[in-house]
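Hi everyone, thanks for coming. Please have a look at the structure on the screen, and I'll walk you through a few places on it.

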Amino acid sequence: MIRAWQDELWRLAGLLLSGLLLGALFGHVAAGLLVALGIYLAWHLYNLNRLVRWLKEGKSFQPPEASGIWDEAFERIYRLQQRNQQRKRNLHRLLKRLHKMTTALPDATVELRPGSEEIEWWNTAAARYLGFEYPRDGGQRISNLIRHPAFLEYLHSGDYEQGIEIPSPVNEGQTLRIRIVAYGGGRRLLVARDMTHVQKLERMRQDFVANVSHELRSPLTVISGYLEGLLDDEGLDARCADALRAMEGQTRRMNRLVDDLMLLARLESDEPGVGTQAVRIADLVAQVLDQARALGGDVGHRFSIDIDEALCLVGVESELYSAFSNLVFNAVRYTPAGGEIRVSWRREEDAAVFSVSDTGPGIEAHHIPRLTERFYRVDAGRSRECGGTGLGLAIVKHVLLRHQGRLEIDSEPGRGSRFSCRFPLAQVSDCTEAKALEL
Ligand code: ADP
């Protein structure tokens, strides 16, 4: 038992004893006890009243002077209040710091109200990048302030895993990368980062590669021309002829590299969908196979073809030719003599799929995610020997991106490979209808 309670019990006992003695002295024991209890009760009521008044007056005041158990009660309540006030001050300081931090963030940050599109709060970068104004835009729906179709689709999709890039609604020439983060209680936070600088660097890189490739073209044409002329000379001695043939081979390789680099640069910089038409994949595959058979020479690959002739793909024919031919040529190059190459173009449940399977050496799983990187090769020596540039699958990836498609690679060492290009059904059309329209 705490000391104040002990003292209080002693106080009560002393008061009752005094009442008892005084009562006995005057011959009214019960009345004496009643008076003592009344005094005790009045004292408690008096202190209770002081407590209520103190609490009403405000927490910052010192507690009233009291004795006994009331002194202890006042003191404890006072200490509790002090502790709470200190905690409140700390929390307030933390909130202010957090507010300053988010305000100072270089990325635009916008908080949406729980379960709605209404704007609750935003920082200064949001005012700069998105043009929000205080207090005008507080409580406005974000879809009324950022109206870019790609943003609206992203906002309503509910899948925020991948961000999107859109032009700033207020600053011309500025590109923003937007990501939405969902967090506790149905709240959403929108973060927008200025990508203008990164885009500028990326454009510089693309321009540099495109320019270098372009500049290399003319000297290469001249060298090839001279080499061809020299090799035509009948009186050339054997050593010289070998050296010239090696030079011609390497020049051809450099030409292929320049062609691929220029194609990649074009795929990256051109607007997608320019020159789109319904492409007859059956005809395109026939041309690719003619070339592939010539490339395979007389090593005798077995080809099996399964093509849906009525299935057309809406896209750019030259780009699709590059992508599909790269896959078929790879199969021819990497599959040993006598192997089988299967080419198919089919409508599946949720996609139209062009796939090339081979019985070649296959690829180890850890290489697969990196195959579409520029110049990534499983075996660089083998690739060069086969005439590869290391850019084929990068080209395939870019062409598919421009046609809303994606590349799937299934392969296992010793069991061959399958490269499948999957296109959404919205991207396909019926060739017979396309033909009717042409007529
Ligand atoms: P490359 O010009 O070197 O063939 P690609 O980008 O076309 O460049 O392919 C990247 C790498 O992927 C190749 O170097 C090769 O190692 C591997 N690869 C591509 N296609 C096949 C295939 N059908 N079978 C086995 N390996 C392949």
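**Charges, patches and bridges**

Let's start on the surface, where Glu228, Asp232, Asp233 and Glu234 gather in a patch of negative charge. Asp and Glu count as negative, Lys and Arg as positive, and His and the chain ends are not counted. Patches are made of residues with over 30% relative accessible area and no salt bridge, joining like charges within 9 Å and nonpolar side chains (Val, Leu, Ile, Met, Phe, Trp, Tyr) within 5 Å. A charge is placed at NZ of Lys, CZ of Arg, CG of Asp or CD of Glu.

A quick word on the background: this is a predicted model, where local features need pLDDT of at least 70, side-chain atom pairs count only at pLDDT 80 or more, and totals for chains, interfaces and linings use all residues. Residues are numbered from 1 along each chain as its sequence is written, and side-chain values use heavy atoms, leaving out hydrogens and water.

Asp232 sits in helix α7 (residues 196-232). Helices (H or I, at least four residues) and strands (E, at least two) are DSSP runs, numbered from the N terminus. Is Asp232 buried or exposed? At 60% relative accessibility, Asp232 is exposed. Here buried means under 20% relative accessible area, exposed over 50%, and partly exposed in between (1.4 Å probe, protein chains only). The areas come from the Shrake-Rupley method with that 1.4 Å probe, and for residues only the protein chains shown count as cover.

There is a nonpolar patch too: Leu17, Leu20, Leu21 and Val29 make about 350 Å² of surface. Helix α1 (residues 3-25) gives the most to this patch, with three residues. Leu21 is in helix α1 and is exposed, at 57%.

Now, how many salt bridges does a search of the whole structure find? The answer is 29. A salt bridge is a side-chain nitrogen of Lys or Arg within 4 Å of a carboxyl oxygen of Asp or Glu.

One of them joins Arg193 to Asp107, with the closest N and O atoms 2.8 Å apart. This pair links distant parts of the chain, since Arg193 is in strand β5 (residues 187-194) and Asp107 in the loop between α3 and β1, 86 residues apart. Arg193 is partly exposed at 46%, whereas Asp107 is buried at 15%.

Another pairs Glu319 with Arg402 (3.0 Å, N to O). Glu319 lies in helix α10 and Arg402 in helix α12 (residues 392-402), so the pair ties together parts 83 residues apart in sequence.

Finally, Glu348, Asp350, Arg406, Glu408 and Arg422 are linked in a salt-bridge network.
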